[in-house]
Amino acid sequence: MTPPDLTVVIPCFNAGKLITRLLEQLSNQTLPADRYEIVVIDDGSDDDTVQRVSTFKNVTLLTQDRGGPGTARNFGVERARGRLILFVDSDLEVAENLLEQHLNFHDAHPDIAATGGGVEPPRKLPLLSWVLADHFSSWFNAHPGTVYKEEPQYLPSLNLCIKKELVVDQHKIQFPAGLKHTGEDVIYCHEMREKGLKLRFLPEAIVRHHDRETMKGHLHHMYRWGHHAPFVRGSLPNLKYGFLFPKSPFLVLFTTPLIVAGYTWLIWKSWLGSRPFAVTMSLPQILLGRLAYAWGAVKGTTALRRQKTTES
């Protein structure tokens with residue numbers, strides 16, 4: 001049997017409410033069905049995810065004990081037959097030409113190791129809503145209007161397509177396994193760049209993400225991202241903005257104004273070309289979210305120091 005050109009790898013945990021729609025959309029792509037395969041890795045779900053996925057005859061279902069998304073993605077890569085591997089998350093909706101966009105770009109650019117696509121909301125989001133603020137804050141570096149003047153330092157793993165030969169076969173790059181916090185895509189892309197591989201942002205390869213709809217959900221999301229930053233950005237050499245996360249919780253208090261003001265400015269600047277009025281009106285909510293992010297960074301630095309003390 002001729003192997004497909006592309007394998008879609010989807011890690012999931014308790015994704016029963018959303019994954020059916022995603023698999024339906026992936027099953028009806030502009031790319032002919034014999035040119036791609038879909039592999040779902042269930043990460044120990046205790047809902048009806050496995051039953052729902054099992055109804056799709058064109059989907060390969062793998063199961064594992066709870067190990068996290070990085071471990072699940074690595075498991076999917078082991079079974080992937082495509083020369084390209086597209087990682088998507090289970091809580092997405094996808095454009096009908098998503099696979100074709102990634103495939104065509106990779107075929108035209110054999111020197112590029114990985115492409116990351118654009119992220120949109122699944123519907124028009126109300127002005128001044130928390131879900132809009134969460135979308136602005138989460139995808140300021142990956143929405144279709146994003147402009148990169150230089151190669152991106154990382155591409156979000158919810159819409160990330162790699163050349164298997166370059167990334168996996170030649171350089172043996174894997175997602176970090178068993179990570180207890182988010183940020184595995186930052187580590188993964190950093191390793192690719194450290195080994196001289198090229199990354200490109202592909203805004204026309206669109207997925208649609210369901211963001212947090214409440215103030216509590218948004219602030220908790222930002223706090224968690226801030227909490228993982230010292231473990232990821234603060235620990236990787238040569239990574240942009242890593243200096244904002246020094247090893248001491250006391251010193252992080254001094255970088256907090258830069259974390260809050262700097263990231264708020266980056267978010268506003270990124271959306272200014274496409275949503276100037278909406279992002280400006282959302283600035284108070286974005287700023288509040290970045291305060292939660294900064295507090296998470298302080299707590300994360302404390303946790304990191306405690307972990308290193310215990311290990312030593």
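Which residue's side chain does a polar contact of 3.1 Å join to that of Ser-270? The partner is His-143; a polar contact is a pair of N or O atoms within 3.5 Å, one able to donate a hydrogen and the other to accept it, with residues adjacent in sequence counted only if both atoms are side-chain atoms.

This is a predicted model, in which local features need pLDDT of at least 70 and side-chain atom pairs pLDDT 80 or more, while totals for chains, interfaces and linings use all residues. Residues are numbered from 1 along each chain as its sequence is written, and side-chain values use heavy atoms, without hydrogens and water.

Ser-270 lies in helix α9 (residues 249-272); helices are DSSP runs (H or I) of at least four residues, numbered from the N terminus. Ser-270 is buried, at 18% relative accessible area, where buried means under 20% (1.4 Å probe, protein chains only). Beyond its neighbours within four places in sequence, Ser-270 is in contact with Phe-140, Asn-141, His-143 and Thr-146 (heavy atoms within 4.5 Å).

Aromatic rings of Phe, Tyr and Trp (its six-membered ring) pair if their centres lie within 6.5 Å, and planes under 30 degrees apart count as stacked, over 60 as edge-to-face and the rest as tilted. The count comes to 9 aromatic pairs. One of them, Tyr-263 with Tyr-293, is tilted, at 5.3 Å centre to centre and 50° between the planes. This pair links helix α9 to helix α11 (residues 283-311) across 30 residues. Tyr-263 is buried at 7%, as is Tyr-293 at 5%.

| Charged residue | Ring | Distance to ring centre |
|---|---|---|
| Arg-66 | Phe-13 | 3.7 Å |
| Arg-290 | Tyr-293 | 4.7 Å |

Technical notes: Helix = DSSP H or I, 4+ residues; strand = E, 2+ residues; numbered from the N terminus. Buried < 20%, exposed > 50% of the residue type's maximum accessible area, 1.4 Å probe, protein only. Lys NZ or Arg CZ within 6 Å of the ring centre and 35° of its normal.
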